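Hello,

Here is the structure I promised to pass on to you. Have a look at it first, and then read my notes below.

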Amino acid sequence: MIEAERIGWAFGSKAVLSGVDLRASEGRVLGLVGPNGAGKTTLLRALYRSIRTEGSIRVDGRELAELRQHERASRLAVVVQETEGETELTVSDLVLLGRSPHLGLLQRPGETDHRIVLDSLRRVGMAALASRPFSELSGGERQRVLIAKALAQQASHLLLDEPTNHLDIRAQHDLLSLVRELAVTSVVVLHDLDLAAHYCDDVVLLDRGSVAASGPVDAVMRPEVLEPVFRVPIERLDRAGRIHLLIG
C-alpha cells in the first residue's frame, strides 16, 4: 500500500503539486489521469523519491524518506519511458540489472538470480527473446522487458509512467492487461481515459496540481466529474460491465 498526504512541490515560484492526497491499495491498479501539465508524472516521481516534496509518503506503513535506498528498491519498482535508450545489452542482461538491489557491491549474479530473470521474462511473454539485443525490439516488446526488469527486482509495488506511449492499440491493451494480472500494487500514469476506465481499479484525477476527484473507476469516470477538468464534452457508455468514454 502507498499512502501520500498533503504532497506539494514547486518549480521555482510555480506550484506543480498542491495538497495532493493519494492511496494505492494492496493488489489494485491506481490510475493517475488529467490534462497535460496536471502534475501526473511529477506525482509519480514523488512516489519513488526522484524529487523531494512537502508532505508524507508511506509505503506499507513506513515513511518513504526513512527507507534506505536498497529498502526502497525492494518495495518500489519503476518503469519510465524508454530509459534504456539504444543499449547493446541483451534482453536477459538488461532484466538481470533488476537484481542489483539484492546483490552486494562485488557480488556476481548467481543461479537464483538467473532463474528469477527467466521467470520474470516468462511472466511478460518475452522468454523466447532473452538473447535478442534490447535495441532490436519493438516499442511494445521493450515495455514488456522493462516490466520484466521491475519484476526481477521482486518489489511489491510497480510505478509506471505512461507505459502505453507510442504503442499501437493492440500493444496498449496487451500491456495493460499484463499489468492487471501482476500480483502487485500498481500506480500508472495514463493519458487515455478509456484505457484508464478499462484497466484501473481506482483513479486519481488531477487538475493543475490538485486532486479534482479520486476513488473507484465507476465513481470518477463520469461526464459530470471529467468535463470540468478536460473542458470537452464526454459521453459514457456502459456495455457488458465495461465503461466506454466518447470524447468530444
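**What I found**

Trp 9 stands opposite Leu 17 in E2. Please keep in mind that this is a predicted model.

That pair belongs to strand E1 (residues 2-11) and strand E2 (residues 14-24), which run antiparallel to each other and are joined by 7 bridges. The two strands make a hairpin with 2 residues between them. In the turn, Gly 12 has a positive phi of about 65°. E1 also pairs with strand E4 (residues 54-59), again in the antiparallel sense, through 5 bridges. Here Gly 8 has Glu 54 of E4 as its bridge partner.

Next, the open sheet. It is built from 6 strands in the order E6-E7-E8-E3-E9-E10, with mixed pairing. Strand E6 (76-79) and strand E10 (210-216) are the edge strands, each pairing on one side only. From one strand to the next, the twist averages 15°. Within the sheet, E3 and E8 are parallel and share 4 bridges, and Leu 30 has Val 187 in E8 as its bridge partner. Helix H5 packs on this sheet and touches E6 and E7, its direction making about 165° with that of E6.

Is Asp 207 buried or exposed? Its relative accessibility is 15%, under the 20% cut-off, so Asp 207 counts as buried. Leaving aside residues up to four places away in sequence, Asp 207 touches Ala 38, Ala 212, Val 229 and Arg 231.

Finally, helix H6. Its 13 residues (169-181) should span 18 Å at 1.5 Å a residue, and the end C-alpha atoms are 19 Å apart, which agrees. Which residues of H6 are buried? They are Ala 171, Gln 172, Leu 175, Leu 176, Leu 178 and Val 179. These residues cover an arc of only 150° around the axis, so they lie on the same side of H6. An α-helix has 3.6 residues a turn, so residues three or four places apart point the same way. On the other side of H6, Ile 169, Arg 170 and Glu 181 are exposed.

The cover over the buried residues of H6 includes strands E3 (29-33), E7 (157-161) and E8 (185-189), along with helices H4 (111-123), H5 (139-152) and H7 (193-199).

Best wishes

Key
Residues are numbered from 1 along each chain as its sequence is written. This is a predicted model: local features need pLDDT of at least 70, side-chain atom pairs count only at pLDDT 80 or more; totals for chains, interfaces and linings use all residues. Side-chain values use heavy atoms; hydrogens and water are left out. The expected span of a helix is 1.5 Å times one less than its number of residues. Buried means under 20% relative accessible area, exposed over 50%, partly exposed in between (1.4 Å probe, protein chains only). The arc is that of the directions from the helix axis to the C-beta atoms. Contact means heavy atoms within 4.5 Å. Two strands pair if DSSP finds at least two bridges between them. Axes are lines fitted to C-alpha atoms, for helices over the stretch in contact, and angles run from 0 to 180 degrees between N-to-C directions.
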